[in-house]
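Subject: Structure for you to look at

Hello,

Here is the structure I said I would pass on. Please open it first, then read the notes below it.

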Amino acid sequence: MQYKLVSNHRNEIVCIVSSDGKSIPFDPANSDYQAYLAWVAEGNEPLPAETE
Amino acid sequence: MTKARDLSQIPNATLAFRNRIINGDCRIDQRNAGASVTITNTGANTYTLDRWFAYGSAASKFSVQQDAGAVTPPTGFTDYLGVTSLAATSVGSSDQYVIGHFIEGFNSADLAWGTANAATVTMSFWVRSSLTGTFGGVLRNSGFNRSYPFSYTINAANTWEQKSITIVGDTAGTWLTTNGVGIGIYFGLGVGSSLSGTAGSWSGSNFTSVTGATSVVGTNGATFYITGVQLEKGSTATSFDYRPYGTELALCQRYFYSLDRLAGQTTNFAVGTCYGNDWIYIASGNRHPVEMRAVPTVSTVSTFRVEDAYSTSWTVSQVTASTSTRNIFNPSIQLTTTAPAGRLVYLQATSDSSRLNFSSEL
(Lines give C-alpha, C1' and ligand atoms only; values in the text may rest on other atoms or scores of the structure.)
Protein backbone atom coordinates (compact mmCIF):
# COMPACT_ATOMS: atom_id res chain seq x y z
CA MET A 1 0.00 0.00 0.00
CA GLN A 2 1.15 3.54 -0.76
CA TYR A 3 -0.35 6.81 0.43
CA LYS A 4 -0.39 10.35 -0.89
CA LEU A 5 -1.41 13.57 0.81
CA VAL A 6 -4.05 15.62 -0.95
CA SER A 7 -4.33 19.39 -0.82
CA ASN A 8 -7.22 21.54 -1.94
CA HIS A 9 -7.36 24.77 -3.94
CA ARG A 10 -5.98 26.63 -0.92
CA ASN A 11 -3.07 24.21 -0.66
CA GLU A 12 -4.48 22.92 2.60
CA ILE A 13 -3.91 19.22 3.27
CA VAL A 14 -7.44 17.86 3.40
CA CYS A 15 -7.06 14.09 3.36
CA ILE A 16 -4.97 11.11 2.33
CA VAL A 17 -5.48 8.98 -0.76
CA SER A 18 -4.37 5.36 -0.71
CA SER A 19 -3.04 3.51 -3.73
CA ASP A 20 -6.29 1.55 -3.92
CA GLY A 21 -8.20 4.79 -4.43
CA LYS A 22 -9.64 5.47 -1.01
CA SER A 23 -9.91 9.04 0.27
CA ILE A 24 -9.17 8.82 3.97
CA PRO A 25 -10.11 11.54 6.47
CA PHE A 26 -7.97 12.55 9.44
CA ASP A 27 -10.27 10.89 11.97
CA PRO A 28 -8.60 8.80 14.67
CA ALA A 29 -11.67 6.55 14.78
CA ASN A 30 -11.49 5.77 11.04
CA SER A 31 -9.92 2.32 10.60
CA ASP A 32 -8.28 3.30 7.29
CA TYR A 33 -6.64 6.27 9.04
CA GLN A 34 -5.50 3.94 11.82
CA ALA A 35 -3.93 1.69 9.17
CA TYR A 36 -2.22 4.75 7.66
CA LEU A 37 -0.83 5.76 11.06
CA ALA A 38 0.47 2.22 11.58
CA TRP A 39 2.11 2.39 8.15
CA VAL A 40 3.77 5.69 9.05
CA ALA A 41 4.89 4.25 12.40
CA GLU A 42 6.76 1.58 10.46
CA GLY A 43 8.93 4.35 9.02
CA ASN A 44 7.09 4.97 5.78
CA GLU A 45 6.31 8.42 4.38
CA PRO A 46 3.39 9.42 2.20
CA LEU A 47 3.95 11.06 -1.15
CA PRO A 48 3.64 14.85 -0.88
CA ALA A 49 0.59 16.72 -2.01
CA GLU A 50 0.54 18.46 -5.34
CA THR A 51 0.30 22.24 -5.02
CA GLU A 52 -1.68 24.58 -7.24
CA MET B 1 -47.94 -20.64 28.47
CA THR B 2 -48.89 -17.12 29.48
CA LYS B 3 -47.20 -14.13 27.89
CA ALA B 4 -45.60 -13.29 31.20
CA ARG B 5 -44.12 -16.76 31.44
CA ASP B 6 -43.10 -16.65 27.78
CA LEU B 7 -41.17 -13.42 28.36
CA SER B 8 -39.54 -14.98 31.38
CA GLN B 9 -37.75 -17.30 28.97
CA ILE B 10 -35.58 -14.33 27.98
CA PRO B 11 -33.48 -14.02 31.10
CA ASN B 12 -31.42 -10.97 31.84
CA ALA B 13 -32.15 -9.55 28.44
CA THR B 14 -34.04 -6.67 26.97
CA LEU B 15 -36.58 -6.99 24.20
CA ALA B 16 -35.03 -4.16 22.21
CA PHE B 17 -31.87 -4.89 20.24
CA ARG B 18 -31.74 -8.38 21.72
CA ASN B 19 -29.37 -9.51 18.97
CA ARG B 20 -26.10 -7.58 19.05
CA ILE B 21 -25.16 -8.88 15.60
CA ILE B 22 -26.15 -6.56 12.78
CA ASN B 23 -27.19 -8.31 9.58
CA GLY B 24 -27.06 -11.65 11.37
CA ASP B 25 -29.59 -12.96 8.87
CA CYS B 26 -27.33 -11.89 5.98
CA ARG B 27 -30.10 -10.04 4.13
CA ILE B 28 -28.07 -6.94 3.33
CA ASP B 29 -25.22 -6.84 0.83
CA GLN B 30 -24.80 -3.22 -0.17
CA ARG B 31 -21.27 -3.60 -1.54
CA ASN B 32 -21.70 -6.56 -3.82
CA ALA B 33 -25.44 -7.11 -4.31
CA GLY B 34 -25.00 -10.87 -4.22
CA ALA B 35 -21.85 -11.06 -6.36
CA SER B 36 -19.01 -13.33 -5.30
CA VAL B 37 -15.92 -11.75 -3.77
CA THR B 38 -12.57 -13.52 -3.83
CA ILE B 39 -10.56 -12.58 -0.74
CA THR B 40 -7.30 -11.20 -2.11
CA ASN B 41 -6.24 -8.57 0.43
CA THR B 42 -3.83 -10.20 2.88
CA GLY B 43 -3.07 -6.91 4.64
CA ALA B 44 -6.51 -6.13 6.06
CA ASN B 45 -10.03 -7.41 6.49
CA THR B 46 -12.23 -7.41 3.42
CA TYR B 47 -15.85 -6.54 4.05
CA THR B 48 -18.30 -8.70 2.12
CA LEU B 49 -21.96 -8.82 3.15
CA ASP B 50 -22.76 -5.86 5.37
CA ARG B 51 -20.93 -5.99 8.71
CA TRP B 52 -19.24 -9.30 7.81
CA PHE B 53 -15.54 -9.35 7.00
CA ALA B 54 -13.20 -12.02 5.71
CA TYR B 55 -9.48 -12.41 6.08
CA GLY B 56 -6.96 -14.79 4.58
CA SER B 57 -3.21 -15.01 5.11
CA ALA B 58 -2.75 -15.87 1.44
CA ALA B 59 -4.70 -14.41 -1.45
CA SER B 60 -7.45 -16.08 -3.43
CA LYS B 61 -7.91 -19.12 -1.24
CA PHE B 62 -11.64 -18.62 -0.68
CA SER B 63 -14.57 -16.53 -1.80
CA VAL B 64 -17.57 -15.10 0.01
CA GLN B 65 -20.96 -14.59 -1.56
CA GLN B 66 -24.46 -13.93 -0.35
CA ASP B 67 -26.43 -17.11 -1.05
CA ALA B 68 -23.50 -18.90 -2.68
CA GLY B 69 -24.56 -22.23 -4.15
CA ALA B 70 -28.22 -21.16 -4.09
CA VAL B 71 -29.29 -23.70 -1.48
CA THR B 72 -32.52 -23.26 0.47
CA PRO B 73 -31.83 -21.31 3.68
CA PRO B 74 -33.16 -22.56 7.02
CA THR B 75 -36.85 -21.94 7.61
CA GLY B 76 -37.42 -18.33 8.53
CA PHE B 77 -34.44 -17.00 6.61
CA THR B 78 -34.06 -15.80 3.05
CA ASP B 79 -30.30 -15.40 2.85
CA TYR B 80 -27.01 -16.67 4.16
CA LEU B 81 -23.29 -15.93 3.90
CA GLY B 82 -21.57 -18.56 1.77
CA VAL B 83 -17.87 -19.37 1.80
CA THR B 84 -16.35 -21.47 -0.97
CA SER B 85 -12.81 -22.79 -0.81
CA LEU B 86 -10.91 -22.05 -4.03
CA ALA B 87 -7.94 -24.37 -3.43
CA ALA B 88 -6.62 -27.12 -1.19
CA THR B 89 -4.62 -24.80 1.03
CA SER B 90 -2.06 -25.94 3.55
CA VAL B 91 -2.44 -23.76 6.64
CA GLY B 92 0.82 -22.72 8.31
CA SER B 93 1.11 -22.40 12.07
CA SER B 94 0.57 -18.62 12.00
CA ASP B 95 -1.88 -18.54 9.09
CA GLN B 96 -5.53 -17.76 9.46
CA TYR B 97 -8.55 -17.86 7.21
CA VAL B 98 -11.65 -16.51 8.90
CA ILE B 99 -14.91 -14.68 8.56
CA GLY B 100 -15.95 -12.36 11.33
CA HIS B 101 -18.09 -9.60 12.73
CA PHE B 102 -17.20 -6.67 14.97
CA ILE B 103 -19.72 -5.47 17.54
CA GLU B 104 -19.23 -1.76 18.23
CA GLY B 105 -18.38 -1.00 21.85
CA PHE B 106 -21.47 1.16 22.26
CA ASN B 107 -23.56 -1.95 21.53
CA SER B 108 -21.80 -4.23 24.00
CA ALA B 109 -21.06 -1.77 26.82
CA ASP B 110 -23.94 -3.03 28.98
CA LEU B 111 -22.35 -6.50 29.09
CA ALA B 112 -19.75 -4.99 31.44
CA TRP B 113 -16.99 -7.25 30.21
CA GLY B 114 -13.69 -6.60 31.89
CA THR B 115 -15.46 -6.10 35.22
CA ALA B 116 -16.65 -8.35 38.04
CA ASN B 117 -20.19 -7.91 36.73
CA ALA B 118 -19.48 -9.32 33.27
CA ALA B 119 -22.67 -10.72 31.76
CA THR B 120 -23.04 -14.16 30.24
CA VAL B 121 -23.94 -14.21 26.55
CA THR B 122 -25.26 -16.85 24.21
CA MET B 123 -24.43 -17.05 20.53
CA SER B 124 -26.60 -19.08 18.20
CA PHE B 125 -26.43 -19.60 14.45
CA TRP B 126 -27.38 -21.87 11.59
CA VAL B 127 -24.50 -23.50 9.75
CA ARG B 128 -24.10 -25.85 6.81
CA SER B 129 -20.93 -27.28 5.31
CA SER B 130 -19.86 -29.85 2.78
CA LEU B 131 -17.49 -31.04 5.52
CA THR B 132 -18.28 -32.58 8.88
CA GLY B 133 -16.41 -32.56 12.17
CA THR B 134 -15.38 -30.06 14.79
CA PHE B 135 -15.28 -26.41 13.79
CA GLY B 136 -14.19 -23.42 15.81
CA GLY B 137 -14.16 -19.72 16.38
CA VAL B 138 -13.53 -17.14 19.06
CA LEU B 139 -14.78 -14.05 20.76
CA ARG B 140 -11.90 -11.59 21.10
CA ASN B 141 -11.28 -8.08 22.38
CA SER B 142 -9.90 -5.17 20.37
CA GLY B 143 -6.45 -5.51 21.93
CA PHE B 144 -6.11 -9.13 20.72
CA ASN B 145 -5.17 -10.17 24.26
CA ARG B 146 -8.42 -11.73 25.45
CA SER B 147 -9.88 -14.64 23.53
CA TYR B 148 -12.60 -17.21 24.14
CA PRO B 149 -12.29 -20.11 21.68
CA PHE B 150 -15.50 -22.04 21.08
CA SER B 151 -16.17 -25.23 19.17
CA TYR B 152 -19.19 -26.80 17.55
CA THR B 153 -19.80 -29.97 15.61
CA ILE B 154 -21.28 -30.26 12.16
CA ASN B 155 -22.76 -33.73 12.10
CA ALA B 156 -24.10 -34.09 8.57
CA ALA B 157 -22.71 -32.73 5.32
CA ASN B 158 -24.74 -30.24 3.34
CA THR B 159 -27.43 -29.98 6.00
CA TRP B 160 -28.44 -26.90 7.96
CA GLU B 161 -27.83 -27.35 11.69
CA GLN B 162 -28.48 -24.83 14.45
CA LYS B 163 -25.78 -24.35 17.06
CA SER B 164 -25.80 -22.56 20.40
CA ILE B 165 -22.87 -21.61 22.59
CA THR B 166 -23.09 -19.96 26.00
CA ILE B 167 -20.11 -17.90 27.08
CA VAL B 168 -19.50 -16.63 30.58
CA GLY B 169 -18.55 -12.97 30.37
CA ASP B 170 -14.91 -12.04 30.70
CA THR B 171 -14.11 -10.40 34.02
CA ALA B 172 -10.59 -9.49 32.92
CA GLY B 173 -8.98 -7.53 30.12
CA THR B 174 -9.97 -4.31 28.41
CA TRP B 175 -13.20 -4.28 26.44
CA LEU B 176 -14.02 -1.02 24.64
CA THR B 177 -17.36 0.59 25.33
CA THR B 178 -17.04 3.36 22.76
CA ASN B 179 -17.19 3.49 18.95
CA GLY B 180 -14.25 1.11 18.65
CA VAL B 181 -14.38 -2.68 18.51
CA GLY B 182 -16.34 -3.93 21.50
CA ILE B 183 -16.33 -7.65 20.71
CA GLY B 184 -14.82 -9.38 17.70
CA ILE B 185 -16.46 -12.64 16.63
CA TYR B 186 -14.49 -14.97 14.38
CA PHE B 187 -15.44 -18.21 12.64
CA GLY B 188 -12.37 -20.19 11.65
CA LEU B 189 -12.10 -21.56 8.12
CA GLY B 190 -8.55 -22.83 8.60
CA VAL B 191 -6.38 -21.46 11.40
CA GLY B 192 -2.81 -22.38 12.33
CA SER B 193 -1.77 -23.89 15.64
CA SER B 194 -0.25 -20.70 17.07
CA LEU B 195 -3.59 -18.91 16.67
CA SER B 196 -5.72 -21.78 17.98
CA GLY B 197 -6.63 -22.39 21.62
CA THR B 198 -8.60 -24.69 23.86
CA ALA B 199 -12.35 -24.27 23.74
CA GLY B 200 -14.45 -23.16 26.66
CA SER B 201 -12.38 -20.71 28.65
CA TRP B 202 -10.96 -17.22 28.45
CA SER B 203 -7.32 -16.82 27.54
CA GLY B 204 -4.87 -13.96 27.56
CA SER B 205 -3.69 -15.01 24.10
CA ASN B 206 -4.58 -13.97 20.59
CA PHE B 207 -6.62 -16.82 19.12
CA THR B 208 -9.00 -16.96 16.18
CA SER B 209 -10.07 -20.59 16.38
CA VAL B 210 -9.94 -23.87 18.27
CA THR B 211 -7.11 -26.37 18.25
CA GLY B 212 -7.79 -29.20 15.83
CA ALA B 213 -10.71 -27.56 14.06
CA THR B 214 -11.68 -28.62 10.54
CA SER B 215 -10.05 -26.57 7.80
CA VAL B 216 -12.52 -25.43 5.17
CA VAL B 217 -9.79 -23.96 2.98
CA GLY B 218 -7.94 -27.27 3.15
CA THR B 219 -10.38 -28.84 0.69
CA ASN B 220 -10.81 -27.37 -2.76
CA GLY B 221 -14.48 -26.64 -3.38
CA ALA B 222 -15.52 -27.09 0.24
CA THR B 223 -18.40 -24.90 1.35
CA PHE B 224 -19.32 -23.23 4.64
CA TYR B 225 -22.64 -21.41 4.91
CA ILE B 226 -23.94 -19.49 7.90
CA THR B 227 -26.98 -17.38 8.82
CA GLY B 228 -29.24 -16.50 11.72
CA VAL B 229 -26.27 -15.42 13.79
CA GLN B 230 -27.35 -14.00 17.11
CA LEU B 231 -25.42 -12.91 20.18
CA GLU B 232 -27.60 -12.06 23.13
CA LYS B 233 -27.34 -11.41 26.82
CA GLY B 234 -28.17 -14.39 28.99
CA SER B 235 -27.57 -18.12 29.05
CA THR B 236 -30.42 -19.14 26.75
CA ALA B 237 -30.62 -18.92 22.97
CA THR B 238 -33.95 -17.36 22.10
CA SER B 239 -35.60 -17.19 18.70
CA PHE B 240 -33.94 -14.99 16.11
CA ASP B 241 -34.49 -11.29 16.65
CA TYR B 242 -36.08 -10.33 13.33
CA ARG B 243 -35.90 -6.58 12.78
CA PRO B 244 -37.65 -4.57 10.04
CA TYR B 245 -35.59 -4.37 6.85
CA GLY B 246 -35.38 -0.58 7.07
CA THR B 247 -34.14 -0.79 10.64
CA GLU B 248 -31.48 -3.36 9.76
CA LEU B 249 -30.37 -1.34 6.73
CA ALA B 250 -30.02 1.79 8.85
CA LEU B 251 -27.97 -0.15 11.38
CA CYS B 252 -25.68 -1.25 8.54
CA GLN B 253 -25.43 2.27 7.13
CA ARG B 254 -23.75 3.50 10.28
CA TYR B 255 -20.75 1.57 8.92
CA PHE B 256 -21.21 1.64 5.15
CA TYR B 257 -23.49 3.03 2.51
CA SER B 258 -23.37 3.58 -1.19
CA LEU B 259 -24.86 6.10 -3.59
CA ASP B 260 -25.71 5.13 -7.12
CA ARG B 261 -27.98 6.47 -9.80
CA LEU B 262 -31.33 5.24 -11.03
CA ALA B 263 -30.61 2.98 -14.00
CA GLY B 264 -30.17 4.98 -17.17
CA GLN B 265 -31.04 8.24 -15.49
CA THR B 266 -28.99 11.33 -14.77
CA THR B 267 -28.79 11.71 -11.01
CA ASN B 268 -27.20 14.71 -9.35
CA PHE B 269 -25.42 13.56 -6.22
CA ALA B 270 -24.36 17.00 -5.07
CA VAL B 271 -23.95 20.56 -6.26
CA GLY B 272 -20.80 22.64 -5.98
CA THR B 273 -18.86 25.60 -7.25
CA CYS B 274 -15.76 25.68 -9.43
CA TYR B 275 -12.74 27.58 -8.16
CA GLY B 276 -11.30 28.33 -11.57
CA ASN B 277 -8.73 25.59 -11.33
CA ASP B 278 -9.23 21.86 -11.26
CA TRP B 279 -11.01 21.83 -7.89
CA ILE B 280 -14.65 21.97 -6.93
CA TYR B 281 -15.88 22.29 -3.40
CA ILE B 282 -19.21 20.74 -2.56
CA ALA B 283 -20.78 22.71 0.23
CA SER B 284 -24.29 21.43 -0.15
CA GLY B 285 -24.03 19.56 3.13
CA ASN B 286 -25.59 16.29 2.01
CA ARG B 287 -26.41 14.32 5.10
CA HIS B 288 -25.42 10.70 5.50
CA PRO B 289 -28.46 8.42 5.92
CA VAL B 290 -27.55 8.00 9.59
CA GLU B 291 -24.76 9.32 11.76
CA MET B 292 -21.76 7.21 10.87
CA ARG B 293 -19.50 5.52 13.39
CA ALA B 294 -16.54 7.64 12.25
CA VAL B 295 -15.86 10.14 9.48
CA PRO B 296 -16.11 7.80 6.50
CA THR B 297 -13.52 6.88 3.94
CA VAL B 298 -14.80 7.83 0.49
CA SER B 299 -14.14 5.77 -2.61
CA THR B 300 -15.56 5.60 -6.09
CA VAL B 301 -16.50 2.73 -8.31
CA SER B 302 -16.32 3.44 -12.05
CA THR B 303 -16.30 7.10 -13.12
CA PHE B 304 -17.97 10.41 -12.32
CA ARG B 305 -18.25 13.81 -13.94
CA VAL B 306 -19.48 17.28 -13.09
CA GLU B 307 -21.86 19.03 -15.41
CA ASP B 308 -23.17 22.58 -15.53
CA ALA B 309 -26.62 23.83 -16.51
CA TYR B 310 -25.53 24.04 -20.16
CA SER B 311 -24.58 20.33 -20.26
CA THR B 312 -20.86 21.09 -20.40
CA SER B 313 -19.11 18.42 -18.39
CA TRP B 314 -15.69 17.76 -16.88
CA THR B 315 -14.23 14.43 -15.86
CA VAL B 316 -13.69 13.82 -12.15
CA SER B 317 -10.27 12.51 -11.19
CA GLN B 318 -10.99 12.05 -7.49
CA VAL B 319 -13.63 12.61 -4.86
CA THR B 320 -11.98 13.38 -1.54
CA ALA B 321 -13.33 13.20 1.99
CA SER B 322 -12.27 16.82 2.57
CA THR B 323 -14.37 18.47 5.28
CA SER B 324 -16.91 15.68 5.59
CA THR B 325 -18.00 14.69 9.08
CA ARG B 326 -19.82 11.76 10.66
CA ASN B 327 -23.05 13.52 9.67
CA ILE B 328 -22.34 15.42 6.48
CA PHE B 329 -20.78 14.66 3.10
CA ASN B 330 -18.81 17.75 2.07
CA PRO B 331 -16.20 16.54 -0.39
CA SER B 332 -13.70 18.38 -2.52
CA ILE B 333 -13.64 17.11 -6.07
CA GLN B 334 -10.66 17.29 -8.38
CA LEU B 335 -11.13 17.37 -12.13
CA THR B 336 -8.78 16.25 -14.86
CA THR B 337 -8.91 19.75 -16.38
CA THR B 338 -9.68 23.29 -15.27
CA ALA B 339 -13.28 24.48 -15.05
CA PRO B 340 -14.39 28.15 -15.11
CA ALA B 341 -14.41 29.98 -11.77
CA GLY B 342 -17.78 30.43 -10.17
CA ARG B 343 -19.52 27.88 -12.37
CA LEU B 344 -22.22 25.92 -10.56
CA VAL B 345 -21.91 22.23 -11.35
CA TYR B 346 -23.52 18.95 -10.39
CA LEU B 347 -21.72 15.76 -9.48
CA GLN B 348 -23.06 12.93 -11.64
CA ALA B 349 -22.38 9.25 -12.22
CA THR B 350 -21.33 8.43 -15.76
CA SER B 351 -22.78 4.92 -15.76
CA ASP B 352 -25.16 2.67 -13.87
CA SER B 353 -22.15 0.98 -12.28
CA SER B 354 -20.75 4.25 -10.88
CA ARG B 355 -20.99 4.34 -7.11
CA LEU B 356 -19.84 6.55 -4.27
CA ASN B 357 -18.99 4.43 -1.26
CA PHE B 358 -18.76 5.67 2.30
CA SER B 359 -17.15 3.37 4.83
CA SER B 360 -16.60 3.75 8.54
CA GLU B 361 -16.25 0.05 9.27
CA LEU B 362 -14.48 -1.13 12.36
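This is a predicted model: local features need pLDDT of at least 70, side-chain atom pairs count only at pLDDT 80 or more; totals for chains, interfaces and linings use all residues.

The largest cavity holds about 60 Å³ of space. Which residues line it? One stretch of names to look up is B:Ser108, B:Ala109, B:Leu111, B:Ala112 and B:Trp113, and the rest of the lining is B:Trp175, B:Leu176, B:Thr177, B:Gly182 and B:Ile183. Sorted by class, this lining has 7 nonpolar and 3 polar residues, with no charged ones.

Next, the place where the two chains meet. Chain B puts 20 residues into the contact, and chain A puts in 18 residues. Together the two chains bury about 1,400 Å² between them, and carbon and sulfur atoms give 50% of that area. On the chain B side, B:Trp279, B:Val295 and B:Thr297 supply 32% of the area that chain B buries against chain A, more than any other three residues.

Which elements of chain B give two or more residues to the side that touches chain A? They are strand E19 (297-301) and strand E21 (313-320). By class, this side of chain B has 9 nonpolar, 8 polar and 3 charged residues.

How many salt bridges cross the interface of chain B and chain A? The rule finds 0. For polar contact, it finds 8 residue pairs across the interface, counting pairs with both residues at pLDDT 80 or more.

Regards

Conventions
Residues are numbered from 1 along each chain as its sequence is written. Chains are lettered from A and ligands numbered from 1 in the order in which they are written. Side-chain values use heavy atoms; hydrogens and water are left out. Contact means heavy atoms within 4.5 Å. Buried area is the accessible area (1.4 Å probe) that two parts lose on being put together, summed over both. A salt bridge is a side-chain nitrogen of Lys or Arg within 4 Å of a carboxyl oxygen of Asp or Glu. A polar contact is a pair of N or O atoms within 3.5 Å; within protein, one must be able to donate a hydrogen and the other to accept it, and residues adjacent in sequence count only if both atoms are side-chain atoms. Helices (H or I, at least four residues) and strands (E, at least two) are DSSP runs, numbered from the N terminus. Ala, Val, Leu, Ile, Met, Phe, Trp, Tyr, Cys and Pro count as nonpolar, Asp, Glu, Lys and Arg as charged, and the others, Gly among them, as polar. On a 1 Å grid over the protein atoms alone, a cavity is a set of points where a 1.4 Å probe fits but cannot get out, and a pocket is an open set with protein on both sides within 12 Å along at least five of seven lines; lining residues have an atom within 4 Å of a point. Grid points are joined across faces, edges and corners, and a volume is the space filled by probe spheres set on the points.
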